[in-house]
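The topics are taken in turn, with the residues and elements involved.

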Amino acid sequence: MKITAARLIVCSPDRNFVTLRIETDEGIYGLGDGTLNGRELAVAAYLEEHVIPCLIGRDPFATEDIWQYLYRGAYWRRGPVTMSAIAAVDMALWDIKGKALNTPVYNLLGGKSRQGVLVYTHANGADIPAALDSVKKHMDEGYLAIRVQSGVPGVSSAYGVPKGGKSYEPAERGLPGESLWSTEKYLNFAPKLFEAARKEVGEDLHLLHDVHHRLTPIEAARLGKELEPYHLFWMEDPTPAENQEAFRLIREHTVTPIATGEVFNSFWDAHDLIRNQWIDYIRMTIVHGGGITALKKAADFAAVYQVRTGFHGATDLSPVTMAAALHFGIAIHNFGIQEHMPHTPLVDEVFPHAYTYDSGYMYPGDAPGLGVEIDEAKAAKYPYQRAYLPVARKMDGTLTDW
Ligand code: CS2
Ligand code: MG
């Protein structure tokens, strides 16, 4: 089998997505996701100008060699644009492989290790009662694990809490919005949120929380310690991780489990975190981490240190990445949990898919390959629109981590 063509479908049904379609001489094609929130067209240009011309004529089954060719062969290594582009190719090739062998991708990754993929979803509210209402609504939908974010008194817009009770969508059309942040107010407030949540829901529901890189290591250590009585499933992205050693300090002070990695694009971003057991869950995603080929190696390395996966699954990852993550999560042994932030009905219409949600778990479905399609006629009705993630400033105007 040979790759005969590849092309991009960039569309914006409610939000932007970059999708790569690779075609073969046997009529089988595969889809890959290359969406990088707020920087979508950089990945599209990288693929169009620099990657697609090198793919023509290659054997689509050669996932390892093509991955190495695009990674080592570029000379310039890593970076979110490069790794998202490589991931788009890699996903599309695994999709082709599955279709050609008439089997779901999970069978190519070891087969099913579990019945379903445990997922967590998002609850949020302007204040504690509203956040708890949102938790109860998701419990009624059957979720067994829920991330809770709440507005913080005195802070105009906290991370993960949209205005007007809408569900949170991490990008706004137009230029970046700005929000104001107070670590002091947040640190005093967050333990109260989880004290109230535990009282309301009891011990069994898994509660998660995303700090979104906003604390210093010692501040994160304080938060982790104060959250201990409420037994969180995890505290996410407590501090930025460019300096992996920063997590040592957090770890020395708290037994609250730690998850990080949604912004990582290489195994090397997580190497020290994993081998020193400074984290419990690695959140790299198939799209931003270089594809199934790269993540399988990272997950296998993590398994040796009893670190489990907890992949990013926000709405800025397309249904193609969601499908890939579900095939991956059902197959590997050290799966922990998968984030599930449901796409809008319009996104699901543009990307019909075999995966399903039921009672707290997701299932990749049994379609050959990844089991996702794209309705190109519908996609064409929603052209790309520039959109950005917001930026955050401290109360005195200093730019900080959003
Ligand atoms: C978040 C994301 O889902 C998460 O855990 O941190 O919403 C993140 O902000 C976006 O995916 C950024 O594009
Ligand atoms: Mg996050």
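The points below are grouped by topic.

The model is predicted. Two cavities of 30 Å³ or more are counted in it, together with 23 salt bridges. A magnesium ion (ligand 2) has Asp-210, Glu-236 and Glu-262 as its protein donors.

**Largest cavity**

- The largest cavity holds about 100 Å³ of space.
- Its lining is made up of 15 residues, and those nearest the centre of the largest cavity are Gln-149, Ser-150, Val-152, Tyr-186 and His-209.
- Helix 5 provides the largest share of the lining, with four residues.
- By residue class, the lining of the largest cavity comprises nine nonpolar, four polar and two charged residues.

**Second largest cavity**

- The volume of the second largest cavity is about 60 Å³.
- Among the residues that line the second largest cavity are Thr-285, Ile-286, His-312, Gly-313, Ala-314 and Leu-317; the lining also includes Thr-321, Met-322, Ala-325, Gln-338, Met-341 and His-343.
- Helix 10 (residues 319-331) gives the most to this lining, contributing three residues.
- The lining of the second largest cavity divides into six nonpolar and six polar residues, with no charged residue.

- Glu-200 and Lys-136 form a salt bridge through their side chains, with an N to O distance of 3.2 Å.
- Glu-200 belongs to helix 5 and Lys-136 to helix 4 (residues 128-140), so this pair ties together parts that are 64 residues apart in sequence.
- Both partners are partly exposed: the relative accessible area is 42% for Glu-200 and 33% for Lys-136.

**Salt bridges of Lys-378**

- Lys-378 forms a salt bridge with Glu-349, in which the closest N and O atoms are 3.6 Å apart.
- Because Lys-378 lies in helix 12 (residues 376-380) and Glu-349 in helix 11 (residues 345-350), the pair ties together parts that are 29 residues apart in sequence.
- Lys-378 also forms a salt bridge with Asp-375, and here the closest N and O atoms are 3.8 Å apart.
- Lys-378 is partly exposed at a relative accessible area of 26%, Glu-349 is partly exposed at 40%, and Asp-375 is partly exposed at 26%.

**Salt-bridge network**

- Arg-7, Arg-21, Glu-23 and Glu-376 are joined into one network by salt bridges that share partners.

**Magnesium site**

- The donors of the magnesium ion (ligand 2) are Asp-210 (OD), Glu-236 (OE) and Glu-262 (OE), which lie 1.9 to 2.2 Å from the ion.
- Along the chain, these donors follow the spacing D-x25-E-x25-E.
- Glu-236 lies in strand 9 (residues 234-236) and Glu-262 in the loop between strand 10 (258-260) and helix 8 (271-275), so this pair ties together parts that are 26 residues apart in sequence.
- Glu-236 is buried, its relative accessible area being 0%.
- Glu-262 has a relative accessibility of 11%; it counts as buried because the cut-off for that class is under 20%.

Conventions. Residues numbered from 1 in each chain as written. Chains lettered and ligands numbered in written order. Predicted model: local features only at pLDDT ≥ 70, side-chain atom pairs only at ≥ 80, totals over all residues. Heavy atoms only, no water. 1 Å grid on protein atoms, 1.4 Å probe; cavity = no way out; pocket = protein on both sides within 12 Å on 5 of 7 lines; lining within 4 Å. Points joined across faces, edges and corners; volume = space filled by probe spheres on them. Helix = DSSP H or I, 4+ residues; strand = E, 2+ residues; numbered from the N terminus. Nonpolar A, V, L, I, M, F, W, Y, C, P; charged D, E, K, R; others polar. Salt bridge = Lys/Arg side-chain N within 4 Å of Asp/Glu carboxyl O. Buried < 20%, exposed > 50% of the residue type's maximum accessible area, 1.4 Å probe, protein only. Donors = N, O, S within 2.8 Å, 3.2 Å for Na, K, Ca; no water.
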